[in-house]
Amino acid sequence: MIFIVLAMAAAIATLFLLAKFGKKTPLPTEQLCSQCGAPARHGHSMHAETEPEDIKPLCNKCLTTTLQREYSIFLGRAVVIEPVDGLPCYAFQDAKDWKEHFPNSAISDDTEKLLSGMKTSCSCCDKPAHYLWVESAGLDAKTFTQVLDDGISVTLLKENPPPVSLCGKCAVEHIAKSIEKKNIRYLEVCPPKGETGFVIPMGY
Ligand SMILES: [Zn+2]
Ligand SMILES: [Zn+2]
């Protein structure tokens with residue numbers, strides 16, 4: 001039964017992607033990097049589910065440079081879950097907005113709770129910390145909804161090391177290293193903005 005449900009979910013996700021990225025606009029990952037002309041590996045947009053024509057194709061290197069700038073100017077606080085392969089989106093979600101849309105989802109309150117324990121300075125370089133890095137063993141296309149529903153503390157943090165406080169530069173170094181090592185491609189990567197939230201690999 002569970003397999004039928006998963007197969008249906010996968011089919012619906014595929015149909016959604018086909019509808020979203022129709023024949024007119026090629027996937028960002030099939031285009032050339034909008035900054036340097038190398039083959040793109042990701043799409044970048046300001047928020048999840050942006051219209052395909054407004055998603056900028058970027059190579060690994062230009063994505064890292066873009067995120068370095070965006071993560072450095074963000075002065076709020078965010079939990080950042082390590083990238084994983086197999087999901088199309090790596091997006092920042094505002095905790096308050098998320099709670100308004102999904103009042104039964106535990107991740108917004110859990111994000112606030114985790115961030116209240118964040119150290120004031122980066123554990124790698126001593127600059128002010130704005131991010132709480134959480135490793136992602138156990139997270140995949142089947143489990144990400146459970147992380148959203150139940151929160152990070154009772155799911156990912158049960159099987160991963162304790163979270164680490166990071167500055168913007170070090171957070172992006174962690175993200176870039178993980179994307180490169182796991183050979184990940186994302187259709188949409190969206191930067192942090194506003195005050196408080198979480199960055200999570202997710203489906204549409
Ligand atoms: Zn590039
Ligand atoms: Zn740092």
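Q: Is Asp-85 buried, partly exposed or exposed?
A: This is a predicted model, in which local features need pLDDT of at least 70, side-chain atom pairs count only at pLDDT 80 or more, and totals for chains, interfaces and linings use all residues. Residues are numbered from 1 along each chain as its sequence is written, while chains are lettered from A and ligands numbered from 1 in the order in which they are written. Buried takes 20 or more other C-beta atoms within 10 Å of a residue's own, exposed 12 or fewer, partly exposed in between, with C-beta atoms placed from the backbone. Asp-85 has 14 other C-beta atoms within 10 Å, so it is partly exposed.

Q: Which residues is Asp-85 in contact with, leaving aside neighbours within four places in sequence?
A: Asp-85 sits in the loop between strand E3 (77-81) and strand E4 (89-94). Contact means C-beta atoms, placed from the backbone, within 7 Å. With those neighbours set aside, the contacts of Asp-85 are Lys-182 and Ile-184.

Q: How far apart are the end C-alpha atoms of helix H2?
A: Helices are DSSP runs (H or I, at least four residues), numbered from the N terminus, as are strands (E, at least two). Expected span is 1.5 Å times one less than the number of residues. For the 14 residues of H2 (residues 60-73) that gives 20 Å, and the end C-alpha atoms agree at 20 Å.

Q: Within what arc do the buried residues of H2 fall?
A: Cys-62, Leu-63, Leu-67 and Tyr-71 are buried in H2. They line one face of the helix, because the directions from its axis to their C-beta atoms fall within an arc of 155 degrees.

Notes
Two residues are in contact if their C-beta atoms, placed from the backbone, lie within 7 Å.
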